[in-house]
Amino acid sequence: MKPTNRIPEKATNSSGVCLMRNAWRNEQHPSFINFISNFLAANSFRLNFASIPADFIFNCGGSSVAFIFVTSLDTTNVSEIFARTQLLKQQFAHLYVICTLPTKEQNDLFVRSYFNSGLELGKPAFVPVKDLEMGFEKMLRIAYARGVCKREDVTTKLKAQREQYVQTAGVFQRVVTSIPGIDNHDANALNQALGSIEAIAKESKEHILENTDLSADKAEVLSRFFRDQKFYLGPKIN
């Protein structure tokens, strides 16, 4: 699969800078360097060459993302690659390893070496690809996505949404466990199956039994609580 000429349309309206390590460039075929240069230009990125520790550093949308780009993996360099990854992950907050694995033998070697490396799963993230062009396209897409997240403050928004969810879940828990005979486990089961107090109030005893592990007695209590005025207005002893 060959990469398309452009990343998502919105990206063409923004610019970024790509730094390529001099030593990495000198190891590559000139045709691949030409592909990278053209691909970056088509996506409004400026390419510079520098003596940097990572193979690539992208600055996009206020975010800086570093990459190790493994163009060839074999038994002679696999240990060096993982040792370098261990070192660079201490230097960069956002580090990815693009690993070209066109054959089954290379993929098997990578898998064995990865689980023997002592790296924490996902830290950093490894991105296996079939060919060089696909690897660079993946790299640019990751850098662009990081830039969008930084520019639009997505992380803060997601954190706020999560905090709101936790607060809402806490209210749900308190309300449902105030119903006689319903405990925290029951409340969690109802939250997962039905999702809201309004949904519980509308569901039948049979539906609650089918979709939760509540007993028949507890399902009956819930059904009566939301439907029988004498029941929910009567005195309760917990």
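Phe67 touches Ala54, Asp55, Phe56, Phe58, Leu95, Tyr96, Ile98, Met139, Ile142 and Ala143 when residues up to four places away in sequence are not counted, a contact being defined by heavy atoms within 4.5 Å. The model in which these contacts are found is predicted, and for that reason local features need pLDDT of at least 70 and side-chain atom pairs count only at pLDDT 80 or more, whereas totals for chains, interfaces and linings use all residues. Residues are numbered from 1 along each chain as its sequence is written, and side-chain values use heavy atoms, with hydrogens and water left out.

Phe67 belongs, together with Leu40, Phe56, Phe58 and Phe136, to the residues with the most contacts inside the largest nonpolar core, which has 28 residues. Such a core is a set of buried Ala, Val, Leu, Ile, Met, Phe, Trp, Tyr and Cys residues joined through side-chain atoms within 4.5 Å, where buried means under 20% relative accessible area, exposed means over 50%, and partly exposed lies in between (1.4 Å probe, protein chains only). At least two residues of this core come from each of strand S1 (16–21), helix H2 (30–42), strand S2 (45–50), strand S3 (56–60), strand S4 (63–70), strand S5 (95–100), strand S6 (125–129) and helix H5 (132–151); these elements are DSSP runs numbered from the N terminus, helices being H or I with at least four residues and strands E with at least two. Helix H5 gives the most to this core, with 8 residues. In soluble globular proteins, nonpolar side chains tend to be buried together.

A second, separate core of 23 residues includes Val78, Ile81, Leu88 and Tyr114. Tyr114 has its place in helix H4 and is buried, with a relative accessible area of 9%. Although Tyr114 and Val78 are 36 residues apart along the chain, their C-alpha atoms are separated by 9.4 Å. Leaving aside neighbours within four places in sequence, Tyr114 is in contact with Phe82, Leu119, Glu120, Leu121, Gly122 and Phe126. The loop between helix H4 (104–116) and S6 holds Pro124, and a cis peptide bond with omega of about 0° joins Lys123 and Pro124.

Helix H2 can be followed residue by residue. At 1.5 Å a residue, its 13 residues should span 18 Å, and its end C-alpha atoms are 18 Å apart, which agrees; the expected span is 1.5 Å times one less than the number of residues. The buried residues of H2 are Phe32, Ile33, Ile36, Phe39 and Leu40. They lie on the same side of H2 because they cover an arc of only 125° around the axis, the arc being that of the directions from the helix axis to the C-beta atoms. On the other side of H2, Pro30 and Ala41 are exposed. An α-helix has 3.6 residues a turn, so residues three or four places apart point the same way. Just after H2, Ser44 takes a positive phi of about 65° although Ser44 is not a glycine. This residue is found in the loop between H2 and S2 and counts as partly exposed because its relative accessibility is 31%.

With 12 residues, H10 reaches 17 Å from its first C-alpha to its last, close to the 16 Å expected at 1.5 Å a residue. Its buried residues are Ala219, Leu222, Ser223 and Phe225, and they cover an arc of only 160° around the axis, which puts them on the same side of H10.

Arg21, found in strand S1, counts as buried at 18% relative accessibility, and Arg21 touches Ala50, Ile52, Pro53, Ala54, Asp55 and Arg84, not counting residues up to four places away in sequence. Asp186, in helix H7 (residues 184–193), counts as buried at 3% relative accessibility; with the exclusion of residues up to four places away in sequence, Asp186 touches Gly181, Leu214 and Lys218.

Turning to the cysteines, Cys18 is buried at 0% relative accessibility and Cys99 is buried at 2%. A search of the whole structure finds 0 disulfides, a disulfide being a pair of cysteine sulfur atoms within 2.5 Å.

For the chain as a whole, there are 11 helices and 6 strands, and 39% of the 238 residues count as buried. Of the contacts with a separation of 6 or more, 70% are accounted for by residues 24 or more positions apart. The chain exposes about 13900 Å², of which carbon and sulfur atoms supply 52%, the areas coming from the Shrake-Rupley method with a 1.4 Å probe.
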